[in-house]
Amino acid sequence: QVQLVESGGGLVQAGGSLRLSCAASGSISGLNDMGWYRQAPGKQRELVATITSSGSTNYADSVNDRFTISRDNAKNTVYLQMSSLKPEDTAVYYCNAVVRVFTLKYNYWGQGTQVTVSS
């Protein structure tokens with residue numbers, strides 16, 4: 001079992017910045033990709049950014065050049081630095097981790113952290 005604990009959400013004005021953190025613990029010897037997803041009210045959960053264990057990143061077009069994902073493998077922690085925030089970035093942000101066990105992949109999710117951007 002893997003536990004993901006997120007922190008760093010909050011209320012910020014448009015144009016501001018926030019940094020989210022997500023620490024993984026438990027059975028994480030096969031920890032692989034990590035990432036952030038978000039879900040706004042009435043919308044489906046969508047990918048924000050992902051990062052592989054070797055540091056390769058992938059971003060949604062809507063956040064490219066504004067958000068930066070990074071990870072500290074020694075701390076099993078992934079970060080999301082969000083800058084130039086817009087009201088449309090308002091959502092619950094969820095941390096995701098993929099753990100590989102032999103040929104199987106398991107997806108784990110954090111509890112979510114609210115990000116609210118006021119105009």
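The protein chain has 11 strands and 0 helices. The model is predicted.

Reader: What pattern does the protein chain follow along the sequence?
Author: The pattern is β-β-β-β-β-β-β-β-β-β-β.

Reader: What makes the protein chain as compact as a globular protein of that length?
Author: The globule rule gives 14 Å for 119 residues, and the radius of gyration of the protein chain is 14 Å, so the chain is as compact as a globular protein of that length. Along the principal axes, the C-alpha atoms fill a box of roughly 45 × 25 × 20 Å.

Reader: What share of the contacts in the protein chain comes from residues 24 or more positions apart?
Author: Among contacts with a separation of 6 or more, such residues account for 53%.

Reader: How far apart are the mean positions of the positive and negative charges?
Author: The protein chain has 10 positive and 8 negative charges, and their mean positions are 4 Å apart.

Reader: How do you know that a disulfide joins Cys22 to Cys95?
Author: The cut-off is a pair of cysteine sulfur atoms within 2.5 Å. For Cys22 and Cys95 the S to S distance is 2.1 Å, so the pair meets the definition of a disulfide. A search of the whole structure finds 1 disulfide.

Reader: What parts of the chain does the pair link?
Author: The pair links distant parts: Cys22 is in strand 3 (residues 18-26) and Cys95 is in strand 9 (residues 91-101), 73 residues apart.

Reader: Why is the disulfide of Cys22 and Cys95 called left-handed?
Author: The torsion about its S-S bond is about -80 degrees, so the disulfide is left-handed.

Reader: Are Cys22 and Cys95 buried or exposed?
Author: The cut-off for buried is under 20% relative accessible area. Cys22 has 0% relative accessibility, so Cys22 counts as buried. Cys95 also has a relative accessible area of 0% and is therefore buried.

Reader: Which residues is Asp72 in contact with, leaving aside neighbours within four places in sequence?
Author: Asp72 is in contact with Thr77 and Tyr79. Gly55 is 17 residues from Asp72 in sequence, and the two are 9.6 Å apart in space, C-alpha to C-alpha.

Reader: What makes the phi of Asp65 worth a remark?
Author: Most residues other than glycine have a negative phi. Asp65 is not a glycine, yet its phi is positive, about 75 degrees. Asp65 is found in the loop between strand 6 (57-59) and strand 7. At 78% relative accessibility, which is set against a cut-off of over 50%, Asp65 counts as exposed.

Reader: What is the phi of Phe102, and where does Phe102 lie?
Author: Phe102 has a positive phi of about 55 degrees although it is not a glycine. Phe102 lies in the loop between strand 9 and strand 10 (104-109).

Reader: Why is Phe102 called exposed?
Author: Exposed means over 50% relative accessible area. Phe102 has a relative accessible area of 85%, so Phe102 is exposed.

Terms used: Residues are numbered from 1 along each chain as its sequence is written. This is a predicted model: local features need pLDDT of at least 70, side-chain atom pairs count only at pLDDT 80 or more; totals for chains, interfaces and linings use all residues. Side-chain values use heavy atoms; hydrogens and water are left out. Helices (H or I, at least four residues) and strands (E, at least two) are DSSP runs, numbered from the N terminus. The radius of gyration is taken over C-alpha atoms; the globule rule is 2.2 Å times the number of residues to the power 0.38. Contact means heavy atoms within 4.5 Å. Lys and Arg count as positive and Asp and Glu as negative; His and the chain ends are not counted. The place of a charge is taken as NZ of Lys, CZ of Arg, CG of Asp or CD of Glu. Buried means under 20% relative accessible area, exposed over 50%, partly exposed in between (1.4 Å probe, protein chains only).
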